[in-house]
Amino acid sequence: SLCVFSGRYRRWHYQIVWSVLMPINFISSHACSTDSTKDITAGFTADYSEYLFYFVNMHPDTDNAHFQFQVNCASGNTSGFNNPITSSVVNIYNGASKIATGPNYETSNDQASGTGSPVYQDILSRRTGDQDKETVCGWLRLFEPTNTTHTTMFMSEGIGYHMENYALAMYVGGYIDSEEAIDEISFKFNTGNIESGTIYMYGVS
């Protein structure tokens, strides 16, 4: 099992209990090195009720980059990382160049049944810089992505080093309006490549 301190003491106890009651099983790790996208195409099965992705020091090679995700139903009749997403996005920030503020609703980063080819959803943070010290970290949870009855709900929390030298935390929640089992997931920055970083995939029993 796995227990992770999320940065908030009040959530630490919750995650300990969650780890004990709901075993978290390691599935795979994915190191990034100048990747335009990092696609995970294996590991989704009906064995798990939830999938958890941890992102460690995701670093863009281009300034002003937003970290994003999309999903695919490769085993169904529809395929492609272009599933409609409906989401809500909130941020909080503080730093040497910004006075602490938030929570702020992000009207430019949410979606309302977004469609296209593809439409990726912003998560973790936004406008991350390309200096070596500037990265984003956080997690994404997908709830029962292999079911074919309900829409797939998701939640994400992250923190990033903004290009203007302040910390920006972002909280994202929503659903993926897919009528088929989700069996692939894709991550990228909206501009440039993922220069470095590691993605860990877990299944929650």
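Me: Which residue is the bridge partner of K38 in β11?
Reply: In this predicted model, K38 is bridged to F187 of β11. The two strands involved, β2 and β11, pair in the antiparallel sense over three bridges.

Me: How many bridges hold β4 and β7 together?
Reply: Two bridges, in the antiparallel sense, link β7 to strand β4, which covers residues 67-72. F69 stands opposite Q121 in β7.

Me: Back to β11: why call it largely enclosed?
Reply: Six of the six residues of β11 are buried, so the rest of the structure largely encloses this strand.

Me: Which way do its side chains go?
Reply: E184, S186 and K188 point one way from β11, while I185, F187 and F189 point the other way; all are buried.

Me: Which residues have the most contacts inside the largest nonpolar core?
Reply: They are F53, F55, F67, F69, I185 and F187, in a core of 33 residues. The elements that each give two or more residues to this core are β3, β4, β5 (85-95), β8, β10 (167-176), β11 (184-189) and β12 (194-204). Apart from it lies another core of six residues, including I24, L52, W139 and Y202. As a general point, nonpolar side chains in soluble globular proteins tend to be buried together.

Me: Take F67. What is it in contact with, leaving aside its neighbours within four places in sequence?
Reply: F67 is in contact with F55, M58, Q121, D122, I123, L124, S125, V136, F187, K188, F189 and I194.

Me: Changing topic: what is the strand order in the sheet of eight?
Reply: The order is β1-β12-β3-β8-β9-β10-β5-β6, an open sheet with antiparallel pairing. β1 and β6 (98-105) stand at the edges with a single partner strand each, so one side of each lacks a neighbour in the sheet. From one strand to the next, the twist averages 15 degrees.

Me: How many bridges join β8 to β9?
Reply: Seven bridges join strand β8 (residues 136-143) to strand β9 (residues 152-161), and the two run antiparallel. R141 stands opposite M155 in β9.

Me: Where does D35 lie?
Reply: D35 lies in strand β1, which spans residues 24-35.

Me: Buried or exposed?
Reply: D35 counts as buried because its relative accessibility is 18%, and the limit for that class is under 20%.

Me: What polar contact does its side chain make with another side chain?
Reply: The side chain of D35 makes a polar contact with the side chain of K38, at 3.4 Å. Not counting residues up to four places away in sequence, D35 touches N193 and I194.

Me: How far is D35 from F187?
Reply: Their C-alpha atoms are 9.7 Å apart in space, whereas the two residues are 152 apart in sequence.

Me: What about phi at T34?
Reply: T34 is not a glycine, yet has a positive phi of about 55 degrees. Most residues other than glycine have a negative phi. T34 is found in strand β1 and counts as partly exposed, because its relative accessibility is 48%.

Me: And N64?
Reply: N64, also not a glycine, has a positive phi of about 65 degrees. N64 lies in the loop between β3 (50-60) and β4, and with a relative accessibility of 30% counts as partly exposed.

Me: Whole chain now: how many helices and strands?
Reply: The chain has one helix and twelve strands. Along the sequence, the pattern is α-β-β-β-β-β-β-β-β-β-β-β-β.

Me: What share of the chain is buried?
Reply: Of its 205 residues, 45% count as buried. The accessible surface comes to about 9,400 Å², with 50% belonging to carbon and sulfur atoms.

Me: What share of the contacts join residues at least 24 apart?
Reply: The share is 75%, taken among contacts between residues at least 6 apart in sequence.

Notes
Residues numbered from 1 in each chain as written. Predicted model: local features only at pLDDT ≥ 70, side-chain atom pairs only at ≥ 80, totals over all residues. Heavy atoms only, no water. Helix = DSSP H or I, 4+ residues; strand = E, 2+ residues; numbered from the N terminus. Buried < 20%, exposed > 50% of the residue type's maximum accessible area, 1.4 Å probe, protein only. Contact = heavy atoms within 4.5 Å. Polar contact = N/O pair within 3.5 Å; in protein donor to acceptor, adjacent residues only side chain to side chain. Pairing = 2+ DSSP bridges. Axes fitted to C-alpha atoms, helices over the stretch in contact; angles between N-to-C directions. Core = buried A, V, L, I, M, F, W, Y, C linked by side-chain atoms within 4.5 Å. Areas by Shrake-Rupley, 256 points an atom, 1.4 Å probe, with all protein chains shown as cover.
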